[in-house]
Amino acid sequence: MDFSFQDLSGTFSVADIAIAMSLSFVLSAMIGWVYRATHRNVSYSQSYVQTLVVLGMLISLIMLVVGSNIARAFALVGALSVVRFRNAIKETRDVGFIFLVMGVGMAVGTRFYLLAVVAAVAISLIVVVMHRFNWFQLNVRRQVVKVQVPSDDDYTTAIQDVLVRHTDEFELVSMESIRGGALLELMYTVKIKKGSEPADVISGLRERNHGQSVTVLTGYDQTDL
């Protein structure tokens, strides 16, 4: 009994379909687990990882359908161009994982099975190694300091005196009038000195701004008084 499908794009059997779907699922699921294991921030989304798995299988299916038929490929591009995605990508690495599952799906769908397996495993190992050994980490902790001062006098010098005492470097980023012009909010980027803490900066600034709000934002926490 012949279970082959013959059309303009070539011949593929039920076995080809089963292999493509199964292999793309396994490799995409492995990539999803690598993404989950190496994710650091709070923006993790289970839905995103599940989409990675489905996307890898869909790309394999699309490549099976298209085959080597150029006309069908252009028709497929036209059909998919009506789809609009409005969800913003939260991290740049998320884009890399999308392209990874797409590449693996394309390799499987075009029956380059060995290439798909080697590429998925090799790139996943690289991601794990970079995560494990914290490659390219910049060991500079920068903070954002927001301080509110009355607008009826110039407090810039007093604030900068505190920043000079507690930071290695600082830069004024913005200056904004708030509360109907009664207060002025100054925003600085700073690098706090070794031995100093955000609480020290807050305490020093509150002595100079007559008890108005002072906020120190860091990459790890937020201190607000």
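Asn134 is partly exposed, with a relative accessible area of 31% (buried means under 20%, exposed over 50%, partly exposed in between; 1.4 Å probe, protein chains only). The model is predicted: local features need pLDDT of at least 70, side-chain atom pairs count only at pLDDT 80 or more, and totals for chains, interfaces and linings use all residues. Residues are numbered from 1 along each chain as its sequence is written, and side-chain values use heavy atoms, with hydrogens and water left out.

Asn134 sits in the loop between α5 and β3 (143-150). Its phi is near 55°, a positive value in a residue other than glycine. Arg111 also has a positive phi, near 70°. Arg111 belongs to the loop between α4 (92-109) and α5 (113-132). Its relative accessibility is 37%, so Arg111 counts as partly exposed. Most residues other than glycine have a negative phi.

The chain contains seven helices and seven strands. Helices (H or I, at least four residues) and strands (E, at least two) are DSSP runs, numbered from the N terminus. Their order from the N terminus is β-β-α-α-α-α-α-β-α-β-β-α-β-β. The chain has 225 residues, of which 31% count as buried. Its accessible surface comes to about 14300 Å², and 62% of this belongs to carbon and sulfur atoms. Areas come from the Shrake-Rupley method with a 1.4 Å probe; for residues, only the protein chains shown count as cover. Of the contacts (heavy atoms within 4.5 Å) between residues at least 6 apart in sequence, 69% join residues at least 24 apart.

An unreviewed UniProt entry lists residues 12-35, 47-71 and 112-133 under "transmembrane region". Such annotations may be inferred rather than shown by experiment; positions follow the numbering used here, and feature names are shortened. Residues 12-35 are 92% helix and 4% strand, with end C-alpha atoms 32 Å apart. Residues 112-133 are 91% helix and 0% strand, and their end C-alpha atoms lie 32 Å apart.

Helices α6 (residues 156-166) and α7 (residues 198-206) pack at an angle of about 155°, with axes 9 Å apart. That makes α6 roughly antiparallel to α7. Angles under 35 degrees count as roughly parallel, over 145 as roughly antiparallel, 65 to 115 as roughly perpendicular and the rest as oblique. Axes are lines fitted to C-alpha atoms, for helices over the stretch in contact, and angles run from 0 to 180 degrees between N-to-C directions. On the α6 side, the contact is made by Ile159, Val162, Leu163, Arg165 and His166. Asp200, Val201, Gly204 and Leu205 make the contact from α7.
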